[in-house]
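Please read it with the model open.

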Amino acid sequence: MTTASAPGKVILFGEHAVVYGQPALAAPVTQVQATATLTPLPPSPTGRGGRSEGIWIDARDVGRHYRLEDASSDDPLAAAIRLTFAHFNLPITDDSLRMTLESTIPIASGLGSGAAVCTALVRALANYLNHPMTNAEVSSIVFETEKLLHGTPSGIDNTVIAYGQPVYFVKGQSPIPFNVAHPFQLLIADTGLPSPTKITVGDVRAAREKEPERYEQMFRAIGDIAREARTLIEIGQTPGARFAETLGALMSCNHALLQQLGVSCPELDILAECARAAGAAGAKLSGGGRGGNMLALVTPETESAVRAALEMAGAKRVIGTVVSE
Ligand code: PMV
């Protein structure tokens, strides 16, 4: 049996603008995980092959169990398997295998569940084939599967999840892991509204076509915030309360720009407002938007009041995480 896991992720700054070349910051969330387990199946007793032979994909969280050879060409899990064999110039194995995927990452909620499941699968398969892969190799295969899920992904999800560390990301460039001078604490609150990234990304694209100058200006403003946040997090020149205040203000500005892009929704705005009112230093939606998750920057002093406020305001689940190196 071979197993591999991959974390969820949050985008700290820069979602949507990153699709148009602006920088973004993202960090892994190890409190939620996707796991792939490869189990060799016994050969058919007749030796002639049977229905149970071949590669079986058992995607538990979505209740799907099917053979690789029956999967369509746009199935991301099947693509992850085929691309991994192709990466090593190997034919798809004749071994009979069950590939079981399990995940505690909520689906379509901006925490990178699709990329995490594919990352775990590629790693488990590479290990099974005795060809461990670098983070960059895993990331580039998962990027191909992300295209099937999202259409025109920037590549940030596969990057932060495959590297498993905070990254400063610009589309088409090698990711830069960033230092975190002062670890900081986030609460990740789920609206419970699934929101496929493909739709919000497509809507932003259509809106940008109508008003290119206005949208480019907003993307540039988001990029400036991401750059400023990176410097602040890396240098941490304003430790303690002032660090949180400054970083929180950047998060709230980023949220306001995402509202103007048209990717927030009343549920996200309510969670962000309640978090700030309860003492969070800042709050913003994270990921594609119009549902999914919201991030609130907290300190050990404010965490429990903010968590209680988010639960009262209707958050379906609140996950605490610390961003550190
Ligand atoms: O997969 P999500 O929902 O976390 O969103 C990804 C971030 C976007 O910038 C909206 C899209 C992308 O490909 O970068």
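1. Helix H5 (residues 197–210) packs against helix H6 (residues 212–235) at an angle of about 125°, and their axes are 5 Å apart. H5 is therefore oblique to H6. Helices are DSSP runs (H or I, at least four residues), as strands are (E, at least two), numbered from the N terminus. Axes are lines fitted to C-alpha atoms, for helices over the stretch in contact, with angles from 0 to 180 degrees between N-to-C directions. Oblique is what remains after under 35 degrees (roughly parallel), over 145 (roughly antiparallel) and 65 to 115 (roughly perpendicular).

2. This is a predicted model: local features need pLDDT of at least 70, side-chain atom pairs count only at pLDDT 80 or more, and totals for chains, interfaces and linings use all residues. Residues are numbered from 1 along each chain as its sequence is written, and side-chain values use heavy atoms, without hydrogens and water.

3. In contact (heavy atoms within 4.5 Å), the H5 residues Val 204, Ala 207, Arg 208, Glu 209 and Lys 210 meet Pro 212, Tyr 215, Glu 216 and Phe 219 of H6.

4. The largest pocket has a volume of about 830 Å³. A pocket is an open set of points on a 1 Å grid where a 1.4 Å probe fits, with protein on both sides within 12 Å along at least five of seven lines; lining residues have an atom within 4 Å of a point. Volume is the space filled by probe spheres set on the points.

5. Domain 1 (2–176) and domain 2 (179–323), with bounds from an automatic or database assignment, both give residues to the lining of the largest pocket, so it lies between them. H2 gives the most, with five residues.
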